[in-house]
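Subject: A structure to look through

Hello,

I am handing over a structure for you to look at, and below it I describe what was found. Please keep it open while you read.

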Amino acid sequence: MRAVDAVYEKVTAKNFPKGPDTLAYGHRACQGCGEVLALRLLLKSLGTDFIAVSATGCMEVCTSTFPQSSWRIPWLHVAFENAAAVASGVEQAVQILRKKGHLPRDKRIPVVAVAGDGGTADIGLQALSGALERGHTDFIYVCLDNEAYMNTGIQRSSATPFGANTTTSPAGSHSKGQHTWKKNMPAIAAAHGVPYVATASPAFHLDLMNKIRRAAAVEGPAYLHVYAPCPTGWRMKSELSVESSRLVVNSRIFPLYEVLDGRYIINRKVDNPIPVADYFKQQGRFRHLKPEDVEKIQARVNQEYENLVKLAETFPA
Ligand SMILES: Cc1ncc(C[n+]2csc(CCOP(=O)(O)OP(=O)(O)O)c2C)c(N)n1
Ligand code: SF4
Ligand SMILES: [Mg+2]
């Protein structure tokens with residue numbers, strides 16, 4: 001089956017999933033946390049018939065302080081580096097249990113690995129690459145990207161954007177903050193030739209939920225890269241979390257797109273982008289940047305968006 005033909009029930013405002021959250025309240029995430037918002041949307045869109053595997057990071061620490069847990073579904077906490085490896089093992093176990101008749105043969109049970117940007121782009125990259133390459137049928141990997149190692153105190157990761165101030169890329173007289181460009185994880189995932197790769201932002205919640213559903217319906221590995229604001233680490237007012245999730249898309253910094261069997265769809269074309277400076281304004285981590293730094297970043301954003309448009313024109317879905 002082609003990824004583009006995968007059948008799933010679309011979430012709309014009218015049929016938005018009802019009932020209690022499968023990620024229970026009472027977790028310890030900060031006010032305005034974009035990761036926990038994305039996680040709730042993920043759980044709402046999949047219901048109860050799936051298994052989650054969490055790498056350590058904010059979402060594992062905040063939701064599972066012993067002896068309590070917010071997870072009302074089967075859930076495994078694993079190490080920082082091996083969420084994808086464990087999820088592939090669980091996926092194989094589920095397939096074997098189905099084959100032996102211990103689980104319904106006609107029902108698919110997705111296994112979802114959840115990790116932060118550090119757990120994905122840095123320490124977990126090898127495990128993720130292996131899982132994508134092996135082609136597990138019911139494997140979904142979700143990266144919650146808050147652009148630094150937040151759980152351990154705002155250290156930079158390879159997904160931290162150029163210029164951002166973190167505790168290990170501090171801005172000062174000898175440094176402008178992060179001096180490397182953000183690693184392009186969706187492109188790396190797509191280069192594995194998996195059937196489904198997508199980006200999502202919690203400000204576009206139906207788009208995010210439907211991408212999760214599509215990922216579950218596709219046969220083969222799926223990778224979802226979710227932008228997840230962290231007011232604490234970004235030195236941003238907590239009430240601006242959703243707004244920043246919107247601005248990052250509308251500035252073309254984080255375009256929403258899907259790669260289905262190697263074919264590209266830009267889900268939200270941004271014809272009149274807002275300047276990146278407007279997105280930066282809300283966040284203390286960019287406050288030190290000079291106009292010439294912002295110009296350099298704007299040029300890079302323009303170039304990357306143009307590259308994506310070319311891909312979508314060359315390989316349309
Ligand atoms: C091998 C190993 N190294 C370091 C750590 C400490 N550690 C736990 S979570 C974390 C950072 C997680 O960052 P990220 O994956 O981006 O998730 P976030 O907390 O930002 O959601 C680190 C360094 C660890 N648990 N294991
Ligand atoms: S530090 Fe950031 S990612 Fe972690 S719980 Fe707080 S807001 Fe969420
Ligand atoms: Mg992170």
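Strand β7 and strand β8 (residues 222–227) run parallel and are joined by five bridges, where strands are DSSP runs of E with at least two residues and helices are runs of H or I with at least four, numbered from the N terminus, and two strands pair if DSSP finds at least two bridges between them. This is a predicted model, in which local features need pLDDT of at least 70 and side-chain atom pairs count only at pLDDT 80 or more, while totals for chains, interfaces and linings use all residues. Residues are numbered from 1 along each chain as its sequence is written, and chains are lettered from A and ligands numbered from 1 in the order in which they are written.

Within this pairing, Ala-198 has Leu-224 of β8 as its bridge partner. From β7 the chain passes through helix α7 (residues 205–217) to β8 in a right-handed β-α-β crossover, meaning that, with the strands pointing away from the viewer, the path from the first strand over the helix to the second runs clockwise.

Strand β7 is also joined to strand β9 (residues 257–260), by three bridges, and these two run antiparallel; here Val-197 stands opposite Val-259.

Because five of the five residues of β7 (residues 196–200) are buried, the strand is largely enclosed by the rest of the structure; buried means that 20 or more other C-beta atoms, placed from the backbone, lie within 10 Å of a residue's own. Tyr-196, Ala-198 and Ala-200 point one way from β7, whereas Val-197 and Thr-199 point the other way.

Best wishes

Terms used
A residue is buried if 20 or more other C-beta atoms lie within 10 Å of its own, exposed if 12 or fewer, and partly exposed in between; C-beta atoms are placed from the backbone.
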